Amino acid sequence: MRMWRWCLGVAAVLLLVSVCSAGPDQASPRPLTEPERALLHRAEERAIAGCMRRHGFEYTVAAPGPAAPEFPYGNDDPAWAAEHGFGVAHAGKVLADRRRADPNYRYAVALTAGRREAYQTALDGGRAASMAVPLPDGGTLYQNADGCVAEAQRGLYGDLRTWFRTRTLLERLSSDYRPRVIADDRYRSALTAWAACVQRRGYPVETPAGLRDRVAPATSGRPGRAEIRAAVAEADCAAATGLVRSAHKVEAEYAARTYAENRDLVEQYQKLSVRALVVARGTTGGE
């Protein structure tokens, strides 16, 4: 049950800012600034709130909650590892804290079961009006075309189906370039050095994922001593060998190449975003 708003991953947006040039005209496709993205979020939340009130429910305009850090290529921060281990339990805590801090989640869970179901339908719509986007990996992502979230996005972006498809495919581009990073000789060289380092610490593994498989992380509570020792070894060795630094350097190259190869998709996303920004400024008084 989704009781908080989900928003576009910041990392993907920042990559767009770094690889695409901004047009001189505000109506031209261009990357949005951080304040502009925040304004868009507020405008969408306000539109959702107005729609939910028409359905007889409260809805509070709220900023997006914090997200737990991700380590796609391993962690190179020993201090963080000493506190959180591999971070699985920490990610669960961040999610639980975000829910508790979300006024809309607290409001919804306080409703009776029937009213809560009606709230969710008003917010997210019904499955009979769903949109589908086939993904390059063979999966499919769905979003309902009715409900207050859809109404708010349609008001901002115009063509909801085009927006949903464009945003979805853009956000999935990392699944295209990350496998290239892992297969790159520069990353593989750093990974070999990292593996030799952790093996000297008593962990006969070849990858950070292999280390997590060998020392199962806690899913709740504080990580145990074995997890902390393994996570610190991972981070110490990643810092010493430059594993993560190397991965991010290689990733930046492949990400830029991937976004350049998908320039039409990037420009379509930017065009829709700029269009939404113009609408948002009209509904929020410019802020």
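Two residues are in contact, or touch, when heavy atoms of theirs lie within 4.5 Å. The legends below describe a predicted model.

**Figure 1. W194 and its surroundings in the largest nonpolar core.**
W194 touches V205, E206, T207, P208, L211, E234, C237, A238, T241 and L243, leaving out residues up to four places away in sequence. The largest nonpolar core has 55 residues, and of these W194 and Y203 touch the most other members. A second core is separate and has 15 residues, including A49, L111, C148 and A152. In soluble globular proteins, nonpolar side chains tend to be buried together.

**Figure 2. The whole protein, shown for orientation.**
The protein contains 14 helices and two strands. Of its 287 residues, 43% count as buried. The accessible surface comes to about 14,800 Å², and carbon and sulfur atoms account for 54% of that surface. Among contacts between residues at least 6 apart in sequence, 70% join residues that are at least 24 apart.

**Figure 3. Helix α12 and the helices around its buried residues.**
Helix α12 covers residues 225-241, which is 17 residues. From its first C-alpha to its last, helix α12 reaches 24 Å, close to the 24 Å expected at 1.5 Å a residue. Buried residues in α12 are E227, I228, A230, A231, V232, A233, E234, A235, C237 and A238. The buried residues of α12 pack against α3 (78-84), α10 (185-200), α11 (208-214) and α13 (243-261). After α12 comes G242, which has a positive phi near 75 degrees.

**Figure 4. The aromatic pair of Y107 and Y119.**
A pair of aromatic rings is described by the distance of the centres and the angle of the planes. A search of the whole structure finds seven aromatic pairs. In the pair of Y107 and Y119, the ring centres are 5.7 Å apart and the planes meet at 55 degrees, so the pair is tilted. This pair links distant parts of the chain, with Y107 in helix α5 (residues 103-109) and Y119 in helix α6 (residues 113-124), twelve residues apart. Y107 has a relative accessible area of 19%. Buried means under 20%, so Y107 is buried. Y119 is also buried, at 0% relative accessibility. Ring pairs join F57, Y107 and Y119 into a cluster.

**Figure 5. S273 in helix α14.**
Helix α14 spans residues 263-284 and contains S273. S273 counts as buried because its relative accessibility is 3%. A polar atom of the S273 side chain lies 2.9 Å from the backbone oxygen of Y269. An α-helix has 3.6 residues a turn, so residues three or four places apart point the same way. Setting aside neighbours within four places in sequence, S273 is in contact with L32, L40, Y157 and W163.

**Figure 6. P69 in the loop between α2 and α3.**
Helix α2 covers residues 34-54, and P69 lies in the loop between that helix and α3. P69 counts as partly exposed, with a relative accessibility of 40%. P69 touches W80 and H90, not counting residues up to four places away in sequence. P69 and H90 are 21 residues apart in sequence, and their C-alpha atoms are 9.3 Å apart in space.

Terms used:
Residues numbered from 1 in each chain as written. Predicted model: local features only at pLDDT ≥ 70, side-chain atom pairs only at ≥ 80, totals over all residues. Heavy atoms only, no water. Phe/Tyr/Trp six-rings, centres within 6.5 Å; stacked < 30°, edge-to-face > 60°. Helix = DSSP H or I, 4+ residues; strand = E, 2+ residues; numbered from the N terminus. Buried < 20%, exposed > 50% of the residue type's maximum accessible area, 1.4 Å probe, protein only. Core = buried A, V, L, I, M, F, W, Y, C linked by side-chain atoms within 4.5 Å. Areas by Shrake-Rupley, 256 points an atom, 1.4 Å probe, with all protein chains shown as cover. Expected span 1.5 Å × (residues − 1). Polar contact = N/O pair within 3.5 Å; in protein donor to acceptor, adjacent residues only side chain to side chain.
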